[in-house]
Amino acid sequence: MATLNFAHREITAKIVYFGAPSAGSSTNVRTLYEILPVKEKGGLHQFGPDDEKEKTWYFEYVPVGGKNIKGMSLRFQVYAMPGGIIRAEHRKEILRGTDAVVFVADARKEREQNNIESLLDLEGILKEDSLEMAEIPMVIQVNRTDDVYARDIERVVYDLNPYGFPVIEAVALDSKGVMEAHEQVTTVTVNRIRHNLAGKEATITLTAIHNPDRESDQEIITQHLDAIHQAQRERVLEMASKATWSDLPPAGEIVLAFQPADFTGTRPLQVIGAHVDGEDVMVDLIMEQESTGKPRRLQITLVNEPKSTSTLGMGSTTSGATPVDRISPSPLDTLPHRIELTTHPSRSDFPPLWYGVAGLASGIVIGVLIGVLSFL
Ligand SMILES: Nc1nc2c(ncn2[C@@H]2O[C@H](COP(=O)(O)OP(=O)(O)OP(=O)(O)O)[C@@H](O)[C@H]2O)c(=O)[nH]1
Ligand SMILES: [Mg+2]
């Protein structure tokens with residue numbers, strides 16, 4: 001979804017290079033960044049969740065000459081979605097709201113299936129975003145044609161091009177076909193935007209904004225990473241909510257000695273509740289003092305700081321709690337390495353506010369009883 005920023009009289013469109021693993025999406029974007037004649041460009045960035053091997057490549061630029069529409073300049077955001085990125089949330093986030101796609105096909109032998117799977121993946125993600133592949137500006141670039149066993153371009157696109165998109169032959173590593181594919185896709189994109197602005201039916205939608213402060217590259221990247229993280233959390237929560245406890249795969253077991261020293265002679269009576277607070281887990285317990293039968297509240301915080309195995313069992317505790325007692329051997333790096341115990345004052349030490357609340361509540365109950373009795 002292209003944006004039209006009135007504050008800068010500028011239209012921004014998003015182009016994603018998408019392809020099978022090692023087909024060359026990243027090489028295209030990196031090469032393009034070097035060879036593009038530009039009026040203005042930002043930095044070349046690579047980003048993705050920390051645990052992901054492959055990352056998205058990203059840059060934005062303002063082209064030189066010829067790409068102005070109705071006195072408004074054009075800015076393009078260019079992304080590479082390497083086939084090696086398997087996290088669905090990451091793939092969806094980068095493709096979200098895209099205006100155009102360069103599909104990078106691999107000409108090497110025995111890559112037919114990879115190309116087809118990648119194209120179907122692209123079509124599926126676009127559909128989820130209410131975009132039809134047949135309708136968006138798209139170019140198929142057949143890359144890696146320098147391979148000694150490369151297949152004919154016609155053979156490569158035979159399975160991939162039911163919609164008759166323009167086809168470009170390429171060896172992205174040698175910059176061959178990189179500018180050509182980009183020129184083709186931006187030309188179609190600009191034509192569609194012109195159509196839209198002329199009030200004709202167009203497959204590119206334009207959203208008008210008035211934003212004097214253009215987002216920095218870093219802000220754009222941070223937004224993507226936050227969205228990927230959030231989407232992943234939601235998916236995990238959804239999966240967990242559908243499963244029963246016994247369905248979930250076991251992730252190890254941890255045994256902790258949790259009783260602080262000044263709670264000696266007490267035993268756990270009831271779990272009041274447990275909740276996740278950011279990265280940590282809080283568990284509230286009622287402890288019963290065996291000699292007097294007095295209840296006390298104990299709060300246990302499981303601090304999620306995965307560390308190397310050597311730090312496990314060495315965590316700090318408050319109130320003289322016995323540290324980690326026994327930990328099953330795996331998977332250690334996902335388990336909390338430290339617990340914090342917070343002892344709460346015994347009932348007799350409750351702050352006056354509690355007495356106020358309790359007094360008010362009992363007053364209301366007595367008042368209602370008197371009212372009912374006098375009515376009878
Ligand atoms: N011989 C040759 N090698 C290429 C060509 N394009 C890319 N490569 C190489 O292929 C490998 C994978 O290229 P990338 O651009 O990283 O591939 P990708 O599409 O981003 O996919 P992944 O990184 O596998 O997720 C790299 O070692 C590139 O140097 C090409 O046209 N010819
Ligand atoms: Mg790569």
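Analyst: Start with the terms for elements. A strand is a DSSP run of E, at least two residues long, and a helix is a run of H or I of at least four; both are numbered from the N terminus. On that count the protein chain has 7 helices and 16 strands. Keep in mind that this is a predicted model.

User: Where does Lys-70 sit?

Analyst: Lys-70 is in the loop between strand 5 and strand 6.

User: Why is Lys-70 called exposed?

Analyst: Count the C-beta atoms. Lys-70 has 11 others within 10 Å. Exposed means 12 or fewer. Therefore Lys-70 counts as exposed.

User: What stands out in the backbone of Lys-70?

Analyst: Its phi is near 45°. That is a positive value in a residue other than glycine. Ser-175 also has a positive phi, near 65°. It lies in the loop between strand 9 (167-169) and helix 5.

User: Is Ser-175 exposed, buried or in between, and how do you know?

Analyst: Ser-175 has 15 other C-beta atoms within 10 Å. Exposed stops at 12, buried starts at 20, and partly exposed is what lies in between. So Ser-175 is partly exposed.

User: What makes Glu-110 exposed?

Analyst: Glu-110 has 9 other C-beta atoms within 10 Å. The limit is 12 or fewer, so the label holds. Glu-110 is in the loop between strand 7 and helix 3 (112-128). Its C-alpha atom is 9.3 Å from that of Arg-151, a residue 41 places away along the chain.

User: How do you know that Leu-248 is exposed?

Analyst: Leu-248 has 10 C-beta neighbours inside 10 Å, and the cut-off is 12 or fewer, so Leu-248 counts as exposed. Its place is the loop between helix 6 and strand 11 (254-255). Leaving out residues up to four places away in sequence, Leu-248 touches Ala-240 and Ala-243.

User: Which residues of helix 1 are buried?

Analyst: Helix 1 spans residues 25-35, and its buried residues are Ser-25, Ser-26, Thr-27, Asn-28, Val-29, Thr-31 and Leu-32.

User: What does helix 1 contribute to the shell around ligand 1?

Analyst: Helix 1 gives 3 residues, the largest share of that shell. In total, 19 residues surround ligand 1. The closest are Gly-24, Ser-26, Thr-27, Pro-82 and Gly-84. The shell divides into 7 nonpolar, 9 polar and 3 charged residues. Gly counts as polar in that tally.

User: And helix 2: which of its residues are buried, and what covers them?

Analyst: In helix 2 (residues 88-95), His-90, Arg-91, Glu-93, Ile-94 and Leu-95 are buried. Their cover includes strand 2, strand 5, strand 6, helix 3 and helix 6 (217-242). After helix 2 comes Gly-97, with a positive phi near 65°.

User: What makes strand 1 and strand 2 a pair, and in which sense?

Analyst: DSSP must find at least two bridges. Strand 1 and strand 2 have 3, so they pair, in the antiparallel sense. Thr-3 has Thr-12 as its bridge partner in strand 2. The hairpin has 4 residues between the strands, and in it Arg-9 takes a positive phi near 45°.

User: How many bridges join strand 1 to strand 10?

Analyst: There are 4, in the parallel sense, with strand 10 at residues 206-209. Asn-5 stands opposite Ile-209 there. Strand 1 (residues 2-5) has Ala-2 and Leu-4 on its covered face, while Thr-3 and Asn-5 form the uncovered one.

Key:
Residues numbered from 1 in each chain as written. Chains lettered and ligands numbered in written order. Predicted model: local features only at pLDDT ≥ 70, side-chain atom pairs only at ≥ 80, totals over all residues. Near = placed C-beta within 6 Å. Contact = placed C-beta atoms within 7 Å.
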